Amino acid sequence: MDMPDSVSPNRLQQAFLQLREELQREIIGQPRLIDCLLVALLADGHLLVEGAPGLAKTTAVKALAARIEADFHRVQFTPDLLPADLTGTDVFRPQSGSFEFERGPLFHNIVLADEINRAPAKVQSALLEAMAERQITVGRSTWRLPELFLVMATQNPIEQEGTFALPEAQLDRFLMHVTIGYPDAEAELSILRLAREQARRTLHPSAPPPTLLKPAEVFAARDAVLAVHVAPALEEYLAQLVLASRDAGRYGPELKRWIAWGASPRATIALDRCARAQAWLAGRDYALPEDVHAIAHEVLRHRVLLSYEAEAEGVRSDQVVDRLLDLVPLP
Ligand SMILES: Nc1ncnc2c1ncn2[C@@H]1O[C@H](COP(=O)(O)OP(=O)(O)OP(=O)(O)O)[C@@H](O)[C@H]1O
Ligand SMILES: [Mg+2]
């Protein structure tokens, strides 16, 4: 644990650090994915995860859900999915002669929206709207989603055929966009050994009960994260990072050429919330520029729209974020 000696983490922080350790034992060599899941949980936001098949995306959310007293649901997105398949719909009850709302799969605490780009735009919009508004309107009634509500949507970068790219303007609604890559040789071996051990455990079940975090503890942790101190100079830095993406010309011709549209105020708010959560997970009650740098790529990479020139030059949005971090002066 990389924690300064002067700070003794309180019980909640310890519970989260233990949760992180347990997840790291189960999901090997993907520390960013795990940290972003925890940051999203603490900052009350949603995640978009992009990665090839078989990189433990499903395993990771399931492992998280198993350790929180929360219910979990996975929705496979397909071309024939309808918005009502997510939200729920009014169903006629012959007994009472009236319509009753039947809740759809979004009414769960942790929702895995698998392969979100396989469903057409109207289904994606239904999900993104529910994520942002935390409620669902069907007919004349509005239904609130659970207070603990975390969506992790996955997107596979390989298959482009028969998929529907997420509308760029709506990507903003994801607090973070995580990209995960293949494990290295050492991790690959550990995965193999873990899978063997898990197969053995399935045959001879004796698993110790996983640590459970109660929703009330998650909310208390969110409170603590909101109380993390962000100095005015650091606030200014966050705002300048986002402003730089809109007024890139101030930072040289290259950035100006690369960025078609800069990030919205949602980006500034997201930087603040994620940096606080990152700081809290590091055992501090104040945020540092290093916390901002730790989460900047996941917060900004989907909010900066690249120009045609950038695409033609093969520039990736991560390079643009790197450049922003290089050019905007630190507080
Ligand atoms: N980093 C890892 N640590 C531990 N197990 C892993 C890791 N990567 C893959 N696995 C194992 O590989 C298998 C595939 O993982 P999983 O089903 O979670 O992948 P996925 O990313 O959801 O794939 P898909 O995109 O096809 O749905 C599982 O048995 C999982 O335990
Ligand atoms: Mg999966």
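The paragraphs below move from the chain as a whole to its charged side chains and the salt bridges among them.

The model is predicted. Its chain contains 14 helices and eleven strands. How does the radius of gyration of the chain agree with that of a compact globule? For 331 residues, such a globule would have a value near 20 Å, and the chain has 21 Å, which agrees. Taken along the principal axes, the box filled by the C-alpha atoms is roughly 70 × 45 × 40 Å.

Of the 331 residues, 48% are buried. Among contacts with a separation of 6 or more, 77% are between residues 24 or more positions apart in the chain. The chain exposes about 16400 Å², and carbon and sulfur atoms supply 53% of that area.

Attention may now turn to charge. The chain carries 34 positive and 45 negative side chains, and the centres of these two sets lie 3 Å apart. The count of salt bridges comes to 22.

One of these salt bridges joins E298 and R32, whose closest N and O atoms are 2.8 Å apart. E298 belongs to helix 12 (residues 289-300) and R32 to helix 2 (residues 31-43), so the pair ties together parts of the chain that are 266 residues apart in sequence. Are these two residues buried or exposed? Buried means under 20% relative accessible area. E298 therefore counts as buried, because its relative accessibility is 6%. R32, with a relative accessible area of 27%, is partly exposed.

A further salt bridge is formed by R303 and D172, again with 2.8 Å between the closest N and O atoms. Here too, distant parts of the chain are linked: R303 is found in the loop between helix 12 and strand 11 (305-306), while D172 is found in the loop between helix 6 (168-171) and strand 9 (176-179), and the two are 131 residues apart. Both R303 and D172 are buried.

The side chains of D291 and R284 also meet in a salt bridge, with a distance of 2.7 Å from N to O. D291 and R284 are both buried. Elsewhere, E22, E26 and R67 are joined into one network by salt bridges that share partners.

Definitions and conventions. Residues are numbered from 1 along each chain as its sequence is written. Chains are lettered from A and ligands numbered from 1 in the order in which they are written. This is a predicted model: local features need pLDDT of at least 70, side-chain atom pairs count only at pLDDT 80 or more; totals for chains, interfaces and linings use all residues. Side-chain values use heavy atoms; hydrogens and water are left out. Helices (H or I, at least four residues) and strands (E, at least two) are DSSP runs, numbered from the N terminus. The radius of gyration is taken over C-alpha atoms; the globule rule is 2.2 Å times the number of residues to the power 0.38. Buried means under 20% relative accessible area, exposed over 50%, partly exposed in between (1.4 Å probe, protein chains only). Contact means heavy atoms within 4.5 Å. Accessible areas come from the Shrake-Rupley method with a 1.4 Å probe; for residues, only the protein chains shown count as cover. Lys and Arg count as positive and Asp and Glu as negative; His and the chain ends are not counted. The place of a charge is taken as NZ of Lys, CZ of Arg, CG of Asp or CD of Glu. A salt bridge is a side-chain nitrogen of Lys or Arg within 4 Å of a carboxyl oxygen of Asp or Glu.
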